[in-house]
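Okay, everyone, thanks for coming. Let me put the model up on the screen and we'll walk through a few spots together.

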Amino acid sequence: MRPELPPSRYEKPSPYPEPYLEYGEDTFYGEDTARPHLGWLLLLPILLVMALVAFCLVVPDKWLAVEHMDQAATVMPFDPPRIETQAALMGVSLPPASVQQRLQQRRAFFSGDFEYLDQSLSAQRQQALLNPQQTIGYHPFIEGLEDTALAGLDACQRWLQAMPDSYVAHWVCAEVWNDGAWEARSEKRRSDINIAQTVLMEERLHQSNHLLERALTLDEQPVEALSLLAQNHFLLGTRVDDGFEWAQLLNVFDGKDAELSEPWPHSRTTGLASSYIERALAVYPRYLPAHRTWANFLQPRWGGTQALVLSAIDQAQRAGIEESDLLDMRDDFVVYPATFSTPGATQAYWEKAIAQQPTRKRLEGLLHDQVGRQNWKAIVPAAAALIVRYPDDGDAYYWLAEARKMMGQTDEARAAYLYAAALGNDAAAQELIMAFIRGGLGIDESYAGPSLPQLCHYSAALGSPIGANCLGAGYFEGGQPGVPFARDPGQGYAWHLLASRAGHYNSQFDLGWMLYSGRVPGVDSEQAQALGIFWLRRAEEKGHTFAARRLDELGVDRSTSLISRDNLFAVTNSLKTGLLWVRQQLQSLWA
């Protein structure tokens, strides 16, 4: 709404000379002169619209080309990382068969065995879709990729080139870009991130949407693609009548670039997103991710209401979603037990809920409550209860190991860490790597488990940022006393790049500074400096103090003012996107 102007703005004297009043006191300016002036005023908007139309039609395409802030996918002039796949960690028992298949799929993805991966994922989803009486949950392979963010960019490029008509390739790679969008937030709320992080997140969501729109044409039951499209459009704040997002531009002009709220209120975002949810549930009514996405974005913090959330849960119940999943939806979107302020209230809630029905999420909730209070003795039975029912839960083994370590039970802690790492748990791999470097956990001359290179290669083959960072550092420092790696700077660059894409802030700092300082061969100096600053900024956003210091020394502007480079970048791209949309609409009208 435009603000009302003070009355003084309307009391300016007439700019026209007295002779124009020659028709008498009751005639303003005179009949002959009033019409031409009013006519010009009426004609002015028409002329402006015509000028806009003409500009949109004649301006060269290159002037409207949208620039991208995201440089994570930039091709680098060195060999890809050499991935050494290991089916198991030496001395560690094999995990359950279901976990082995999930890990094998991850290794196939990062190592380039796309024929196996495509056939395996396609067979799993077809088998699930053929049984309309069961709930389809989140795919374990997709969930496992979440912590790898954009580490799979090169794998996606090769997979899509090898199988350009593969539905699962487009779906999985869209999930990779979606994971990268979340990673851009650095695990912070939307209100706590800067304008550059917001732009990165939106660019990656658009990359995801591009692949998903293609996926819709490749399968008759694209329920996964439809559900993810809904999530992406909720996050983007796309209105059903918009061909592009004005939200970023309006937030910038509002002066809220440093304190962006969550995306647009519910009433303005549910149009396009809800249409994708409806289409997904029409394909498969018992697709849990679609129901959870819908309930999530109907919460009050997104502009919805608790009544709408409850109606979404009721809709899921009518669709046949299993009772355990409905209970989890109520816990997550209605009760919020983790937010209870009364001491002991959260623990009491989880214990009562588990007695009613011990779902996986409820057992995890109790475990995390004990972790938050560092109640190490209570963590052991909580983790054990989760492991008994869900022996594939790497987080449960990790927290069991942490509790054993804090209680001085070194051998038990090391065994639990190793098994958690075998399940693909990054935090466990990090603890073991640091024990190799600094000592601890009984890793000495008598230790008979996997070596440091074996552990790092095992984790890195799964796309782990921890394993990739270990190899990046190891190949650079190789050849020095006590370093069990051969020196290979090319592989050091390659693994640091994969770890940087996966979100490891130490690799982002190392790669960024090496690029900026000209130590990466084959990269043009101007491009190297731009890429270096890009990765240094990503490290700083995650709290890397040395990255922040380097950026200060280089005089890199990270301000949140309206005239900052990031804001001008966002505004310019929004205007270009708007003009492109106008051009497309005009061309479609005249086609």
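Tyr 336 sits in the loop between helix H13 (323-335) and helix H14 (345-356), where helices are DSSP runs of H or I with at least four residues, numbered from the N terminus. Its phi is near 55 degrees, a positive value in a residue other than glycine.

Residues are numbered from 1 along each chain as its sequence is written, and side-chain values use heavy atoms, leaving out hydrogens and water.

Gln 374 is exposed, with a relative accessible area of 54%.

Another glutamine, Gln 317, belongs to helix H12 (residues 306-319) and is partly exposed at 41% relative accessible area. Leaving aside residues up to four places away in sequence, Gln 317 touches Leu 326 and Arg 330, contact being heavy atoms within 4.5 Å.

On to helix packing. H23 (residues 505-516) and H24 (residues 525-541) pack at about 155 degrees, axes 7 Å apart; the axes are lines fitted to C-alpha atoms over the stretch in contact, and angles run from 0 to 180 degrees between N-to-C directions. H23 and H24 are therefore roughly antiparallel, the label for angles over 145 degrees, with under 35 roughly parallel, 65 to 115 roughly perpendicular and the rest oblique. Among the residues meeting across the pair are Phe 509 and Trp 513 in H23, and Trp 535 and Leu 536 in H24.

Last, confidence. The protein's mean pLDDT is 84, with 80% of residues reaching 70 or more; pLDDT is the predictor's confidence in each residue, from 0 to 100. Where is confidence lowest in the protein? That's helix H9 (residues 247-253), at a mean of 34, while helix H17 (residues 394-406) is highest, at 98. Over residues 1-34 the pLDDT stays under 50. Where pLDDT is low, the predicted coordinates should not be read in detail.

Definitions and conventions
Helix = DSSP H or I, 4+ residues; strand = E, 2+ residues; numbered from the N terminus. Buried < 20%, exposed > 50% of the residue type's maximum accessible area, 1.4 Å probe, protein only.
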